[in-house]
Amino acid sequence: MFPCTSCGLCCKHIGHIEEMKDYDLGNGVCKYFDNISNLCKIYDNRPDICRVDKMYDLVYNDTFTKEEFYIENANICNALQEKYKISANFRVKIIGEIEWYQY
C-alpha cells in the first residue's frame with residue numbers, strides 16, 4: 001500500500017484535476033480536507049483518483065510495474081513537498097522491492 005505521509009499537499013492542489021472538480025472549494029483545496037489534522041474527512045469513502053493503489057489497478061497496471069508506479073508517485077510527492085518547503089520528515093523513499101521508510 002502506498003504510504004501517504006499526511007502532508008496534505010495533494011488535497012490542497014486538486015484544481016487542475018478534472019475528476020476532482022466537484023470536490024474543489026474553488027481555491028484548489030478539497031472540501032473534505034481537514035486543515036487541522038491534515039487528513040481527509042471522507043478517507044474511507046474517498047474517490048478512486050485519491051487512491052494510489054486503486055488507480056494502479058484500474059488504469060496504470062498496463063503502463064508501469066507497481067514499483068515503478070510507486071516510485072513515480074513518491075517522486076511527485078517529494079517534489080511537491082520540496083516546492084512548498086514541507087519538512088523532509090514527510091519524504092518517502094523506496095528501498096528494495098516496495099519497502100518504504102520515511103526520512
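Is Cys-40 buried, partly exposed or exposed? I get 25% relative accessibility for Cys-40, so it counts as partly exposed (buried is under 20% relative accessible area, exposed over 50%, partly exposed in between, with a 1.4 Å probe and protein chains only).

Residues are numbered from 1 along each chain as its sequence is written, and side-chain values use heavy atoms, with hydrogens and water left out.

**Confidence**

I checked pLDDT next (the predictor's confidence in each residue, from 0 to 100). The protein averages 89, and 90% of the residues score at least 70. Helices and strands here are DSSP runs numbered from the N terminus (helices are H or I, at least four residues; strands are E, at least two). Where pLDDT is low, the predicted coordinates should not be read in detail.

I looked for its contacts (heavy atoms within 4.5 Å): leaving aside neighbours within four places in sequence, Cys-40 touches Tyr-32 and Arg-46.

With neighbours within four places set aside, Cys-11 is in contact with Gly-28, Val-29, Cys-30 and Phe-33. From Cys-11 to Tyr-32 I get 8.4 Å, C-alpha to C-alpha.

**Gln-81**

Next I moved to helix α2 (residues 66-83), where Gln-81 is found. Why does Gln-81 count as buried? Because its relative accessibility is 2%. Not counting residues up to four places away in sequence, Gln-81 touches Thr-5, Cys-7, Leu-9, Ile-86, Phe-90 and Arg-91. A polar atom of the Gln-81 side chain also lies 3.4 Å from the backbone oxygen of Phe-90.

**The largest pocket**

Then I turned to the largest pocket, with a volume of about 1300 Å³. Of the 45 residues that line it, the closest to its centre are Cys-10, Ile-49, Cys-50, Arg-51 and Val-52. Which element gives the most to the lining? That is α2, with eight residues. I also noted that β2 (39-40), α1 (52-60) and α2 each supply at least two residues.

Last, I looked at phi. Most residues other than glycine have a negative phi. Ser-6 is not a glycine, yet its phi is positive, about 60 degrees. Ser-6 is found in the segment before β1 and counts as partly exposed at 24% relative accessibility. Asn-38, in the loop between β1 and β2, has a positive phi too, near 65 degrees.

How values were computed:
Predicted model: local features only at pLDDT ≥ 70, side-chain atom pairs only at ≥ 80, totals over all residues. Polar contact = N/O pair within 3.5 Å; in protein donor to acceptor, adjacent residues only side chain to side chain. 1 Å grid on protein atoms, 1.4 Å probe; cavity = no way out; pocket = protein on both sides within 12 Å on 5 of 7 lines; lining within 4 Å. Points joined across faces, edges and corners; volume = space filled by probe spheres on them.
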